[in-house]
Amino acid sequence: MMASPTMISISARLTLNLHDLNNEASEGNQVQTRMVHVVDEHGELAVVNAVSGDMLKHVQAGYLQRVALEEGLPLCTGCRLFDANRINRDEEFFKELGDEKDASKTLDRVIPACVLDDAEGFLITVGKRSVPRKSTVEFGWLVGIPSRTQTESYFHVKYDPSRAAGSGDETGANLGQAIFYRPANSGVYALVATFEAARIGFNDISRQYVLSESERASRVRAVLKSLVYTLVRTEGAQRNAQHPHISAAEGVIAISRDVRPAPTASPLKDGYREDVIATCKQLDRMGGKHEFETRTFDSMSELASIAADLVDTLA
């Protein structure tokens, strides 16, 4: 029987057209889209549009919460409400926890109580505690590839059919026409993400699992689903009128089934898929209980198929 994945990495390129998923601020009537500096494969600095890893992580956590609700997986009060405070919001949990301040014993209670806290991490601060848990899911920035990404600004106006009230500035209610400028971004974007499946249900302090194998498998399946859902429909700003056109998806998934990390390579550089595959082969030369598995994909449907295969192996 094939061993369960211990770590899964995704290195991918997504082609997104006419989106405005992540903005920095507004100045006057101009919305400023998120821009970052990167070094291209030739060592040159470039300024490109990007979507922060924080936003991607928030989207993925939201999908995991919905999967958990649908499949009856445990959620604490905070995560059931999708509150950013997570387990800290659960008053009943802390009543039952009582005066317990030992971090390891606290983790033994939190992990079984909530799949979102288990997978996404937390920092307990209630009762002068400081109990952290590192997330099992990590995202890099979804960053535009230099020379293959373009940002433009478009004129918009809020239409007032009467136009009798002027701009609305007289009352401060903004009831009339308003001119504003909103960005639209198109291009090929690089993504890296990892999922430490082996840490689901694992107490990092005691170095012991506190869930059964079947409970862990259910949670790993749920996280895998949430990862794919995040790429199929990446949520963010301005989707009401600028739903992204996802016209292409390609990449490579690396799967480790022992203690070795599943490598990533930045899709900012051409040949990243071959680099991931070659790195896995070299790591296999160093030894391990299981060989790495690498799967490439050239469409969103192929990515979903790989994820579905992984889910099936855990069923």
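This is a predicted model: local features need pLDDT of at least 70, side-chain atom pairs count only at pLDDT 80 or more; totals for chains, interfaces and linings use all residues.
## Overall make-up

The chain has 315 residues, of which 48% count as buried. Its secondary structure consists of 8 helices and 14 strands. Along the principal axes, the C-alpha atoms fill a box of roughly 70 × 55 × 35 Å.

Among contacts in the chain with a separation of 6 or more, 73% are made by residues 24 or more positions apart.

## Helices H6 and H8

Two packed helices are described by the angle between their axes and the distance between the axes. For helix H6 (residues 213-232) and helix H8 (residues 300-314), the axes come within 9 Å and cross at roughly 175°. Angles over 145 degrees count as roughly antiparallel, so H6 is roughly antiparallel to H8.

On the H6 side, the residues in contact are Ala217, Val220, Arg221, Leu224, Lys225, Val228, Leu231 and Val232. They meet Met300, Leu303, Ala304, Ala307, Leu310, Val311 and Leu314 in H8. By class, this contact has 13 nonpolar and 2 charged residues, with no polar ones. Arg221 and Lys225 of H6 are among the residues listed in the contact.

## The cavity

Rolling a probe the size of a water molecule over the atoms shows where empty space is left. Over the whole structure, the search finds 1 cavity of 30 Å³ or more. The volume of the largest cavity is about 70 Å³.

The lining of the largest cavity consists of Ile8, Ile10, Leu224, Leu227, Val228, Ile253, Leu303, Ala307 and Leu310. At least two of the lining residues come from each of strand S1 (7-19), H6 and H8. By class, the lining has 9 nonpolar residues and neither polar nor charged ones. Leu224, Val228, Leu303, Ala307 and Leu310 belong both to this lining and to the contact of H6 with H8.

## The largest pocket

The largest pocket holds about 600 Å³ of space. It is lined by 26 residues, and those closest to its centre are Pro5, Thr6, Ala198, Tyr209 and Arg216. H6 and H8 are the elements that give two or more residues to this lining. H6 provides the largest share, 4 residues.

By class, the lining of the largest pocket has 14 nonpolar, 4 polar and 8 charged residues. The lining of the largest cavity, in contrast, has no polar and no charged residues. Helices H6 and H8 each supply at least two residues to the cavity lining, and both also contribute to the lining of the largest pocket.

## Pro5

Pro5, one of the residues closest to the centre of the largest pocket, lies in the segment before S1. Pro5 counts as buried because its relative accessibility is 6%, and buried means under 20%.

Leaving out residues up to four places away in sequence, Pro5 touches Ala197, Ala198, Ile255, Ser256, Arg257, Leu310 and Leu314. Of these partners, Ala198 is also listed among the residues closest to the centre of the largest pocket. Leu310 and Leu314 also take part in the contact of H8 with H6. Pro5 and Val47 are 42 residues apart in sequence, and their C-alpha atoms are 37 Å apart in space.

## The second largest pocket

The second largest pocket has a volume of about 160 Å³. Its lining is made up of Gly53, Asp54, Lys57, His58, Ala61, Arg86, Ser135, Val137, Glu138 and Phe139.

Helix H1 (53-71) and strand S8 (137-139) each give at least two residues to this lining. The largest share, 5 residues, comes from H1. By class, the lining has 3 nonpolar, 3 polar and 4 charged residues.

Leu18 is not a glycine, yet it has a positive phi of about 55°. Leu18 lies in strand S1, an element that also supplies residues to the lining of the largest cavity. With a relative accessible area of 41%, Leu18 is partly exposed.

Lys128 is also not a glycine and has a positive phi of about 60°. Lys128 lies in the loop between strand S6 (122-124) and strand S7 (131-133). The relative accessible area of Lys128 is 86%, so this residue is exposed.

Key
Residues are numbered from 1 along each chain as its sequence is written. Side-chain values use heavy atoms; hydrogens and water are left out. Axes are lines fitted to C-alpha atoms, for helices over the stretch in contact, and angles run from 0 to 180 degrees between N-to-C directions. Angles under 35 degrees count as roughly parallel, over 145 as roughly antiparallel, 65 to 115 as roughly perpendicular and the rest as oblique. Contact means heavy atoms within 4.5 Å. Ala, Val, Leu, Ile, Met, Phe, Trp, Tyr, Cys and Pro count as nonpolar, Asp, Glu, Lys and Arg as charged, and the others, Gly among them, as polar. On a 1 Å grid over the protein atoms alone, a cavity is a set of points where a 1.4 Å probe fits but cannot get out, and a pocket is an open set with protein on both sides within 12 Å along at least five of seven lines; lining residues have an atom within 4 Å of a point. Grid points are joined across faces, edges and corners, and a volume is the space filled by probe spheres set on the points. Buried means under 20% relative accessible area, exposed over 50%, partly exposed in between (1.4 Å probe, protein chains only).
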